[in-house]
Amino acid sequence: DGLRAHVLHVLCEHDRLDPGQTPLQEDVVTRSGRPCGLFFQVQGPRRVKAYAVWAGEEGRLLFYDSTGQRFAQARLSEAPDPLRLAG
């Protein structure tokens, strides 16, 4: 839950969206059939879409804006187990 809240906050802050009004969509990223991370996306007005990818094995969060440009990244000191999140 902490990871989701952080991702929502960063994505909304970048595009000046209200986190209380912006739903966070999430999907599991797989590699060779194994869960290895998460894909997050928010959608705002005027077709604004921002997304983040959590690379579980690397422990990194990568944040992208509507144009596909990376605007931030973070390294997690503690991260959830990708296999647990798949369930």
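The questions and answers below go through one predicted model.

Residues are numbered from 1 along each chain as its sequence is written. Because the model is predicted, local features need pLDDT of at least 70 and side-chain atom pairs count only at pLDDT 80 or more, while totals for chains, interfaces and linings use all residues, and side-chain values use heavy atoms, without hydrogens or water.

Student: How far apart are the end C-alpha atoms of helix α1?
Tutor: Helices (H or I, at least four residues) and strands (E, at least two) are DSSP runs, numbered from the N terminus. The expected span of a helix is 1.5 Å times one less than its number of residues. Helix α1 covers residues 2–15, so its 14 residues should span 20 Å. The end C-alpha atoms agree with this, at 20 Å.

Student: Which residues of α1 are buried?
Tutor: Buried means under 20% relative accessible area, exposed over 50%, and partly exposed in between (1.4 Å probe, protein chains only). An α-helix has 3.6 residues a turn, so residues three or four places apart point the same way. In α1 the buried residues are Leu3, Val7, Leu8, Val10, Leu11 and Cys12.

Student: What covers the buried residues of α1?
Tutor: Contact means heavy atoms within 4.5 Å. For one of these residues, Val7, the contacts beyond four places in sequence are Leu24, Phe40, Ala52, Leu61 and Phe63. The cover of the buried residues of α1 includes β1 (24–31), β2 (34–43), β3 (49–55), β4 (60–64) and β5 (70–75).

Student: Is Arg16 buried or exposed?
Tutor: Most residues other than glycine have a negative phi. Arg16 is not a glycine, yet its phi is positive, at about 55°. Arg16 sits in the loop between α1 and β1. With a relative accessible area of 78%, Arg16 is exposed.

Student: Where does Arg47 lie?
Tutor: Arg47 is not a glycine either, and has a positive phi of about 60°. Its relative accessible area is 77%, so Arg47 is exposed. Its place is the loop between β2 and β3.

Student: How are the rings of Tyr51 and Tyr64 arranged?
Tutor: Rings of Phe, Tyr and Trp (its six-membered ring) pair if their centres lie within 6.5 Å; planes under 30 degrees apart count as stacked, over 60 as edge-to-face and the rest as tilted. By this rule there are three aromatic pairs. The centres of Tyr51 and Tyr64 are 5.1 Å apart and their planes are at 20°, so the pair is stacked.

Student: Which strands hold Tyr51 and Tyr64?
Tutor: Tyr51 is partly exposed at 25% relative accessible area, whereas Tyr64 is buried at 15%. The two are 13 residues apart, and their pair links distant parts of the chain: Tyr51 in strand β3 and Tyr64 in strand β4.

Student: How is the pair of Phe63 and Phe71 classed?
Tutor: Phe63 is buried, at 2% relative accessible area, and Phe71 is partly exposed, at 24%. Their ring centres are 6.0 Å apart and their planes are at 40°, so the pair is tilted.
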